[in-house]
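I opened this entry to look up a few places in the structure and write down what I found. The sequence and the model come first, then my notes.

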Amino acid sequence: MRWFKVHPVLTAAAIFFILMFGGIVSAWQQDNKLVVSKQDNLVIKGDTVIVPEGVTVDGDLVVKNGNLIIHGTVDGNVTLINGKLLPGDSTIDGEGLMASVGEVNGKFEKVDEIFEWIWYSIKGLFKSVFAY
């Protein structure tokens, strides 16, 4: 108790970080519903999002807590949070994702760890705050 009285700022900072970390872990584990960015031409079967063959998705595609199959084209970035890219003869290279029957004309980002999710959320916050 004497140490707490001598160092109240460190004690408050430690308690703050413990509570924040607990809240972040709780938010990560509670949020397990399928979330898909608003696109009219996607097919959703259970927890799998499919970009059908011959369909072009304009803009960025975000799939959270679900799997993704790309047979068509995505003209934008693809972000897959806490899910898997299922095979449709797909391969991932350094620049993006190219598939034999589908392609992504942008970046492919997969977020499946809690620390990656925290970093992704912080980047999104800064982009929204500093956007013109």
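I started with the contacts of N67. Leaving out residues up to four places away in sequence, I found that N67 touches D47, T48, V49, G83, K84 and L86. The model is predicted, and I read these contacts as features of that model.

Next I looked up where N67 sits. N67 is in strand β6. Is N67 buried or exposed? Its relative accessible area is 17%, and the cut-off for buried is under 20%, so I noted N67 as buried.

I then checked the side chain of N67 for polar partners. One of its polar atoms lies 3.1 Å from the backbone nitrogen of K84. K84 is also among the residues that N67 touches.

I turned to the largest nonpolar core, which has 13 residues. Which of them touch the most other members? I listed L42, V51, L61, V63, L68, V74 and V78. Two or more residues come from each of β3 (48-51), β5 (61-64), β6 (67-70) and β8 (78-81).

I picked V63 from that list. Setting aside neighbours within four places in sequence, V63 contacts L34, V35, V49, L68, T79, L80 and I81. V49 is also touched by N67.

Last, I looked at the surface. W119, I122, L125, F126, V129 and F130 make up a nonpolar patch there, with about 660 Å² of accessible area together. F126 belongs to helix α3, residues 114-129. I recorded F126 as partly exposed, with a relative accessible area of 48%.

Notes:
Residues numbered from 1 in each chain as written. Predicted model: local features only at pLDDT ≥ 70, side-chain atom pairs only at ≥ 80, totals over all residues. Heavy atoms only, no water. Patch = residues over 30% accessible without salt bridge, like charges linked within 9 Å, V, L, I, M, F, W, Y side chains within 5 Å. Areas by Shrake-Rupley, 256 points an atom, 1.4 Å probe, with all protein chains shown as cover. Salt bridge = Lys/Arg side-chain N within 4 Å of Asp/Glu carboxyl O. Helix = DSSP H or I, 4+ residues; strand = E, 2+ residues; numbered from the N terminus. Buried < 20%, exposed > 50% of the residue type's maximum accessible area, 1.4 Å probe, protein only. Core = buried A, V, L, I, M, F, W, Y, C linked by side-chain atoms within 4.5 Å. Contact = heavy atoms within 4.5 Å. Polar contact = N/O pair within 3.5 Å; in protein donor to acceptor, adjacent residues only side chain to side chain.
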